[in-house]
Amino acid sequence: MTINTSVSPISPVMATYSRFPITLVKGKGSYVWDDQGKKYLDFTSGIATCNLGHVPDVVKEKLEEQLQNLWHCSNLYHIPNQQELAALLTANSCGDKVFFCNSGAEANEAAIKMARRYAQKVKGTDSFGVITFQQSFHGRTLATLSATGQEKIQQGFAPLVKGFSYLPFNDIEALDQLKTLQPAAILLELVQGEGGVIPANPEWVKKIAEICEEKDILLMVDEIQTGIGRTGTLFAYEQYGIEPDVISVAKGLGSGFPIGAIIAKEKAAKAFEPGTHGSTFGGNPLATAAGVATLSHIIESNLLEHVNEISVYFDELLTKFKEKYTFIEEIRGKGLLKGIVVGDKAPLIVQKAIENQLLILTAGPTVVRLLPPLTASKEEINEFTYLLEKTFQSIEEGE
């Protein structure tokens, strides 16, 4: 057979993304470079994934070591890195057991399966419903997009997976419906990322936790974007005085290597027995090597102290922008997950920022989302401020 190696001018990659007109080929720390050699300050962190910045040495060294030994093996065998990472996750959370997968969507998929099986096999009920919230985002698989409280994500994929109901986010009175819905679980984000960088109200979260405790409903927290230090604690739930039964994590856990996990309390973990769930690649030696190096560094280097200090400085600078530019309606978020509410200007601001060699994101059509690496220095925050100032000035002047 002859292999055709010619390159078509039309990309063979499916058009599932609206890509910006730059090609990134290199990264280090808070910076990336395109194929023309142009340098950008990256305050997207691969959408909250490269929490230690690009190509962190501590993770690179661990991966290079693992590459010399074993890349992959089946989960039919014990994997030392997997055991070590699970121990780190449980020792630093309220969970007891860990299941490894490859992504955030897969982590939430596993959580949904655990909720159903817990209700039916552990509690002995026929319950299978999961309550989520309007404007939430939980993934792109059929089950997780069904769990997502945004119609735009679900369009064209009917019929959706049954069993999901959506309540208003931060609405305490709406929680009264839980008494009649009798779900197997509640799944929520403590900061809605894709939904607009909206933090959960502490009293609302406590009320949910109380209802879950009273009714034996699994409380599942989606920490895909907020976890692994992004909000100033290792997990955002720590700031709310609750203990979830299941925590889903991914993004920042592997410094860019594909990895996801659910961390569950013993009572929920009982739902999974041999043969009930699995993954070919989940928790393999390479991915968990990246996870061990990433998580160990965050814990041992006291990086969270830096996150809390630098986020205060970040907040002060963002507040000055709000005072100066009338199109800024609100600044919100937690730690180094920030949203600037700018009305319909968000997509244009992101595009103009690229022209100024600054990478930022939207969170829906009205919010600019900022996700600097957790390692960002005060000097890099100042550089960001200068580049965003240039961007805002060009917007205000109508360029």
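View 1. Take C101: C101 is in no disulfide, and the nearest cysteine sulfur, that of C73, lies 17 Å away. C101 is also buried, with 2% relative accessibility; buried means under 20% relative accessible area, exposed over 50%, and partly exposed in between (1.4 Å probe, protein chains only).

**View 2. An open sheet of 4 strands.** The strands follow the order β13-β14-β17-β16, with antiparallel pairing. Strands (E, at least two residues) and helices (H or I, at least four) are DSSP runs, numbered from the N terminus, and two strands pair if DSSP finds at least two bridges between them. At the edges sit β13 (330–334) and β16 (361–362), each pairing on one side only.

**View 3. Where β14 meets β17.** Strand β14 (residues 337–341) and strand β17 (residues 367–370) run antiparallel, joined by 4 bridges. Look for I340, whose bridge partner in β17 is V368.

**View 4. Helix α11 on the sheet.** Helix α11 (residues 303–324) packs on the sheet and touches β13, β14 and β17, where contact means heavy atoms within 4.5 Å. The direction of α11 makes about 5 degrees with that of β14; axes are lines fitted to C-alpha atoms, for helices over the stretch in contact, and angles run from 0 to 180 degrees between N-to-C directions.

**Notes for all views.** Residues are numbered from 1 along each chain as its sequence is written, and side-chain values use heavy atoms, leaving out hydrogens and water. In this predicted model, local features need pLDDT of at least 70 and side-chain atom pairs count only at pLDDT 80 or more, while totals for chains, interfaces and linings use all residues.

Conventions:
A disulfide is a pair of cysteine sulfur atoms within 2.5 Å.
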